[in-house]
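Please look over the sequence and model first.

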Amino acid sequence: MVGFKPTDVPPTAMVKFLGAGTAACIADLVTFPLDTAKVRLQIQGESKLAVASMSAQYKGVFGTIATMVRMEGPTSLYNGLVAGLQRQMSFASVRIGLYDSVKQFYTKGSEHAGIGSRLLAGCTTGAMAVAVAQPTDVVKVRFQAQARTEGGKRYQGTLDAYKTIAKEEGVRGLWKGTSPNITRNALVNCAELVTYDLIKDALLKYNLMTDNLPCHFTSAFGAGFCTTIIASPVDVVKTRYMNSAPGQYGSAVNCALTMLRKEGPLAFYKGFTPSFLRLGSWNVVMFVTYEQLKRAMMAARGSREAPF
């Protein structure tokens with residue numbers, strides 16, 4: 001057995017809620033430079049200014065990272081980290097931590113959940129998470145993309161970003177891109193959590209692996225690959241729309257149509273490699289950490305409650 005052993009008592013909803021948020025923050029710390037590179041590649045080419053700007057000329061994942069380090073310094077790879085961690089603590093806690101509880105709600109407590117119940121649970125917690133954490137996502141994307149703006153940085157700090165967006169664009173500006181983000185996260189949650197669930201169940205059902213780290217790693221890697229393929233087009237539109245200047249796009253649909261007309265269908269898969277590298281590695285770190293945290297927290301709770 002690798003890692004903590006499964007406990008006799010299943011994890012509580014609170015353990016899952018806290019464990020998911022903590023595991024997601026750890027995963028973000030590890031993979032944030034890949035996420036920043038993905039954002040820069042996704043927004044590249046959306047305007048003539050971006051094409052003309054030397055800072056926007058990125059080629060590939062590692063070329064983007066190297067260019068950013070050379071021109072902006074290594075700390076630029078972590079632009080928006082504070083908002084990113086705020087996002088994960090509120091966002092992942094809901095969409096991942098509450099997934100099992102919502103799944104049980106749809107199956108009326110049955111241990112055997114069908115694919116329909118899993119998909120419904122994934123869509124539900126994904127939408128709930130966006131409702132809670134959308135402002136943190138907007139600020140994170142703006143920070144990751146702000147090197148493209150002439151005349152210095154758009155925002156001087158995380159709190160300044162929240163205040164400036166609310167002042168210049170209204171409170172609605174903090175909720176910009178909610179529709180594509182709900183769509184994206186419904187897809188991501190279904191692809192990510194349901195695929196992880198199904199792969200893990202199959203590995204255990206056919207005795208290909210035991211419920212330990214290698215099983216969690218394999219399931220998470222497969223979930224990351226499936227998620228990237230399904231969610232990339234919506235993710236690109238979401239990033240473009242969130243980062244756009246007021247009035248640049250009439251809506252998320254207008255943003256998508258503009259991309260299709262000006263850049264062609266391949267524009268929807270801009271940044272695919274960093275997306276996969278990020279989602280694949282993020283899923284591995286998050287799910288492995290999440291599984292271990294749940295077991296560790298339940299083991300600690302059990303030892304604390306055990307009589308002397």
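## Helix packing and cores

The axes of helix 1 and helix 9 cross at roughly 80 degrees and come within 9 Å. Axes are lines fitted to C-alpha atoms, for helices over the stretch in contact, with angles from 0 to 180 degrees between N-to-C directions. Helices (H or I, at least four residues) are DSSP runs, numbered from the N terminus. Helix 1 and helix 9 are therefore roughly perpendicular to each other; that term covers 65 to 115 degrees, while over 145 counts as roughly antiparallel.

This is a predicted model: local features need pLDDT of at least 70, side-chain atom pairs count only at pLDDT 80 or more, and totals for chains, interfaces and linings use all residues. Residues are numbered from 1 along each chain as its sequence is written, and side-chain values use heavy atoms, leaving out hydrogens and water.

Helix 4 and helix 6 make another pair, with axes 8 Å apart and an angle of about 180 degrees. They are therefore roughly antiparallel to each other. Both pairs are set out below.

| Pair | Axes | Angle | Contact residues by class |
|---|---|---|---|
| Helix 1 and helix 9 | within 9 Å | roughly 80 degrees | three nonpolar, three polar, three charged |
| Helix 4 and helix 6 | 8 Å apart | about 180 degrees | nine nonpolar, six polar, four charged |

Ala, Val, Leu, Ile, Met, Phe, Trp, Tyr, Cys and Pro count as nonpolar, Asp, Glu, Lys and Arg as charged, and the others, Gly among them, as polar. Contact means heavy atoms within 4.5 Å. In helix 1, K38, V39, Q42 and I43 meet D235, V236, T239, R240 and N243 of helix 9.

R87 and F91 of helix 4 and G126 and V130 of helix 6 are among the residues in the second contact. N185 touches these four as well, not counting residues up to four places away in sequence. N185 sits in helix 8. Is N185 buried or exposed? N185 is buried, with a relative accessible area of 1%; buried means under 20%, with a 1.4 Å probe and protein chains only.

The largest nonpolar core has 20 residues, and I96, W282, M286, F287 and Y290 touch the most other members. Helix 11 gives the most to this core, with six residues. A nonpolar core joins buried Ala, Val, Leu, Ile, Met, Phe, Trp, Tyr and Cys residues through side-chain atoms within 4.5 Å. F287 touches E192, L193, Y196 and A220, again not counting residues up to four places away in sequence.

Key: Buried < 20%, exposed > 50% of the residue type's maximum accessible area, 1.4 Å probe, protein only. Helix = DSSP H or I, 4+ residues; strand = E, 2+ residues; numbered from the N terminus. Parallel < 35°, antiparallel > 145°, perpendicular 65-115°, else oblique.
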